[in-house]
Amino acid sequence: MSTNVASGSQDASFVQLFRLWSAARANGRPVMPDIHTEAQAHGFADQTAAAAASLFCLVEGQVGRRLSPGKPGDREFTADERALIGILRQAPMLQPGRGTRAIPHGLPGAISWAARCLCDAMGIEFDHGIYALQAAAANSQDCPFAITAERCGSAEG
């Protein structure tokens with residue numbers, strides 16, 4: 001399954017929020033104005049930007065490193081972007097701390113809460129026909145945010 005910006009409007013909108021958040025932070029700018037403006041442009045609820053920023057910060061804190069965004073205009077999602085999408089797709093059905101095949105380590109309560117709030121704000125509902133991370137990583141018990149040899153170089157920068 002190729003996961004790219006054109007694959008789904010909610011996924012693409014969510015990844016755009018992440019990329020704007022990452023770029024603002026990397027450039028030393030406040031992150032909220034850019035992602036709030038983008039969320040409003042998509043018609044998402046007012047709390048979308050705050051929930052997204054919380055989720056991104058909490059996930060980075062949990063995995064112990066900065067997440068790797070794609071560059072503006074990149075059509076392919078990075079592994080970290082796909083893993084974040086996986087959290088959103090799984091969040092509505094997860095109980096905090098309990099895992100699934102796609103998120104084997106479960107989600108701490110704060111991350112689960114932030115992901116569910118973001119799903120509510122973006123109008124994302126759990127669809128039993130959709131399973132996050134259907135790539136090979138989903139069939140293993142590895143954390144989708146784990147740095148692999150393939151991604152090591154992109155995660156350090």
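User: How many salt bridges does the count come to here?

Analyst: Five salt bridges. Keep in mind that this is a predicted model. The general idea first: side chains of opposite charge can pair when their charged atoms come close. The test is a side-chain nitrogen of Lys or Arg within 4 Å of a carboxyl oxygen of Asp or Glu.

User: OK, give me a case. Which residue does R19 form a salt bridge with?

Analyst: Its partner is E81, with 2.7 Å between the closest N and O atoms. The two sit in distant parts of the chain: R19 belongs to helix α1 (residues 9-26) and E81 to helix α4 (residues 79-90), 62 residues apart.

User: And how do I read accessibility for that pair: is R19 buried or exposed?

Analyst: Use the cut-off: under 20% relative accessible area is buried, over 50% is exposed, and partly exposed lies in between. R19 comes out at 8%, so it counts as buried. E81 has a relative accessible area of 1%, so it is buried as well.

User: What about E60? Which residue does E60 pair with in a salt bridge?

Analyst: That one is R25, and the closest N and O atoms are 2.4 Å apart. E60 lies in helix α3 (residues 48-63) while R25 is in helix α1, so this pair ties together parts that are 35 residues apart in sequence. On accessibility, E60 is buried at 11%, whereas R25 is partly exposed at 21%.

User: Now the nonpolar side. How many residues does the largest nonpolar core have?

Analyst: Here you look for buried nonpolar residues joined through side-chain atoms within 4.5 Å. The largest such core has 33 residues, and F14, L55, V59, L84, L88 and L118 have the most contacts inside it. The elements giving two or more residues to this core are α1, α2 (32-41), α3, α4 and α5 (109-122).

User: Which element gives the most to this core?

Analyst: α3 does, with seven residues.

User: Can we zoom in on one residue? What does L118 touch?

Analyst: Leaving out residues up to four places away in sequence, L118 touches F14, T48, A51, A52, L55 and L88.

Notes
Residues numbered from 1 in each chain as written. Predicted model: local features only at pLDDT ≥ 70, side-chain atom pairs only at ≥ 80, totals over all residues. Heavy atoms only, no water. Helix = DSSP H or I, 4+ residues; strand = E, 2+ residues; numbered from the N terminus. Buried < 20%, exposed > 50% of the residue type's maximum accessible area, 1.4 Å probe, protein only. Contact = heavy atoms within 4.5 Å.
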